[in-house]
Structure formats: structure tokens, C-alpha cells
Amino acid sequence: MPILESDANKEVLVICPKCKKQARIPIPQNIFKEVNKTLATVRIEKNVTCEHEFIIYIDRNFVSRGEMASDYIISPVISTERIELKKDLMSEFDITIIKVNLYPLALCYTLRGLLFGSQVLIIIEDENEFLRQHYNAFISYIFSNSFDISQKFAVETVKNYESNKKKYKEYLIIKNVDILQDKKKFIKSHDLGVERGMANIFYENTSPLESVLLLNNEVQKVALLTNSLLKLFNNGNQLKNLNMSMIIDYLEKTHETKVNIKYCEFLLQIIKYRYQKSIPNLYRGMEFSKFYKLSK
Ligand SMILES: [Zn+2]
């Protein structure tokens, strides 16, 4: 007996990124008909695989190439002067091209790598060489007025990468939604909740101009808050005497806002990897059950 499978659907094995539960899910065969893409994005609703909602990426062979949690951490509201960005820079890339070709998961990985001070390489197919200029201009635009990423971001075709591998020995390397190299384990050993929040702002916003400005604003916010923390750390404060409650209090007073504990952990990770400063007893004196509730 052949496996009964509807002509319209193909079964795909998916794994929940949170609880690791597996399931076979019918996916419409025609998801690749409309666009000339190598991967398609599908949202798995709650109670399909498990109680979690997530996003999967499927290749043309109907094999799942990656799963991403769809929940995210919202950044604090900060009233900053929005620095006017040069409009001419914006003409160097097409936002629709970015949204169609750069996967949200790949954007999350890129943000994580660059914010953590790593070098990042995105590999594109040889026939998509035109994307290089768009990706370069887009990334330098969203990092303008915040972190210096010159010489830190690169885009190469498969062919160019193959003949220049040595140059990228230390890079975080991304192709589609796959991580080809992550020596410092920036992606594998951390949750990407904050980056998912940033990516969400960019992909869900229907106004192209607004979506780029908001994403740039998110990165500027990260820079502003990490700079505040660096000031605190350099201001004669002994790192060993600080803990998480004190840091959150400080940020909330300085910027008159509420700061999520997970967001604060993310800022401290940036400081740890970018500036080699960390607090030895971060959760000292904090009741764990309370902390657990807060971080949910
Ligand atoms: Zn689950």
C-alpha cells in the first residue's frame, strides 16, 4: 500500500524549538509555486505540534531547515531624539528585496553576531550576487549611529567564499537559515528573544520606510543602554558588589522606563562579549522564585 498523501499536501517533520516535541504536519504543495524561493516560511499555530507557536522554514524537498520560536522580548520604551538618518543611504537598498530574501532567522543571527562584537558573513547563491549590495547597505544603515561595524559584516557568493575561506576563519557564517560556523557559540547557547523582537518589528511593519527606521531605532536603543551600563561599571563601582536588581533599578531611573529582566540579561551579555566586563554574582541576594517569575 502506498502512503496515502493528499495531492495538495506534503508531510513535513517538524521539531518545536521550545519543548523539542516532533510531529508530521501537512504542508500545501503549492507554497513554492508563487515565488522563486529556495525556502518557504510557515507559521505553526498553537496546539498543532504542542502548546507552542513557532515558525518553520521548509526547503523545496519539503524538509524542515530550521525552526524559530515566535515569542519575543519587548524592548523598553525610551524617549530619545530620533537622529535623522541620511535619506540617500536608504536609496542604496530595496526594502522589499531584503524582506523577501533575508530570512527573519538569518536577521536574528546577524544582529546577535554583530551586537556581540563578532564578524558576520552571509553566503548567497552565485546567481543572487545582486543581493550583496542590498544586504551591505541595509546592515550598515540599521547600525548607523550606534555600533561601529566597519570590517565586521560581509556578503559572499558560494563561489567567492569557497576560494576565500581562510579570510573568514573567525566569522559567524550564515547561509539561508543555516549556521555554517559559530565558534563562540553565540547562537547555539543563548536564547534569541530580543533579536526575534527586533526582527518582528521589521518584518511585521507594512510600511517599508517605517520598518527600517524602527529597526535602526532598536539598535540605537541597545547602544544607548549598554553605554549607560558601561558608565555605571566604570564609575568606581565594584562589579562584584552589583547584582541584577541594582542594575535594573539603575537603568529604570536613568531612562525613566521599565526594563524586562531578560532584556537586561541580553544587554549584560553584549557587555560581556564586546567589552569583556561581567558581574561575578549577578543574581546575588535575589530570591530565585521571584526572579523566575519576573523572567517569564
Ligand atoms: Zn513545544
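A residue is counted here as buried if 20 or more other C-beta atoms lie within 10 Å of its own, with C-beta atoms placed from the backbone. By this criterion, applied to a predicted model, the buried residues of helix α4 are Leu131, His134, Tyr135, Phe138, Ile139, Tyr141 and Ile142. Seen down the axis of α4, these buried residues fall within an arc of 160 degrees, so they line one face of the helix. Helix α4 itself consists of 12 residues and reaches 16 Å from its first C-alpha to its last, which is close to the 16 Å expected at 1.5 Å a residue.

Taken as a whole, the protein contains 10 helices and nine strands, and 28% of its 296 residues count as buried. Among the contacts between residues at least 6 apart in sequence, 67% join residues that are at least 24 apart.

Helix α4, spanning residues 131-142, lies across β6 (120-124) and β7, and runs at about 170 degrees to β7. Together, β6, α4 and β7 make a β-α-β unit that is right-handed. The two strands of this unit pair with each other in the parallel sense over five bridges, and within this pairing valine 120 has phenylalanine 153 of β7 as its bridge partner. Four of the five residues of β7 are buried, so this strand is largely enclosed by the rest of the structure.

The sheet to which β6 and β7 belong is open, with its four strands in the order β7-β6-β8-β9 and with mixed pairing. At its edges stand β7 (153-157) and β9 (178-181), each with a single partner strand, so one side of each is left without a neighbour in the sheet. From one strand to the next, the twist averages 30 degrees. In contrast to the parallel pairing of β6 and β7, strand β8 (residues 172-175) and β9 run antiparallel and are joined by three bridges; isoleucine 173 has glutamine 181 in β9 as its bridge partner.

A further open sheet is formed by three strands in the order β3-β4-β5, and its pairing is antiparallel. The edge strands of this sheet are β3 (39-44) and β5, each of which pairs on one side only. Neighbouring strands are turned against each other by 20 degrees on average when direction is ignored.

Within α6, the residues Val194, Glu195, Arg196, Gly197, Met198, Ala199 and Phe202 are buried. The elements that cover these buried residues include β5 (64-69) as well as the helices α3 (104-115), α7 (208-234) and α9 (261-275).

How values were computed
Residues numbered from 1 in each chain as written. Predicted model: local features only at pLDDT ≥ 70, side-chain atom pairs only at ≥ 80, totals over all residues. Buried ≥ 20, exposed ≤ 12 C-beta atoms within 10 Å, placed from the backbone. Contact = placed C-beta atoms within 7 Å. Pairing = 2+ DSSP bridges. Axes fitted to C-alpha atoms, helices over the stretch in contact; angles between N-to-C directions. Right-handed = clockwise from strand over helix to strand, strands pointing away. Expected span 1.5 Å × (residues − 1). Arc of directions from axis to C-beta.
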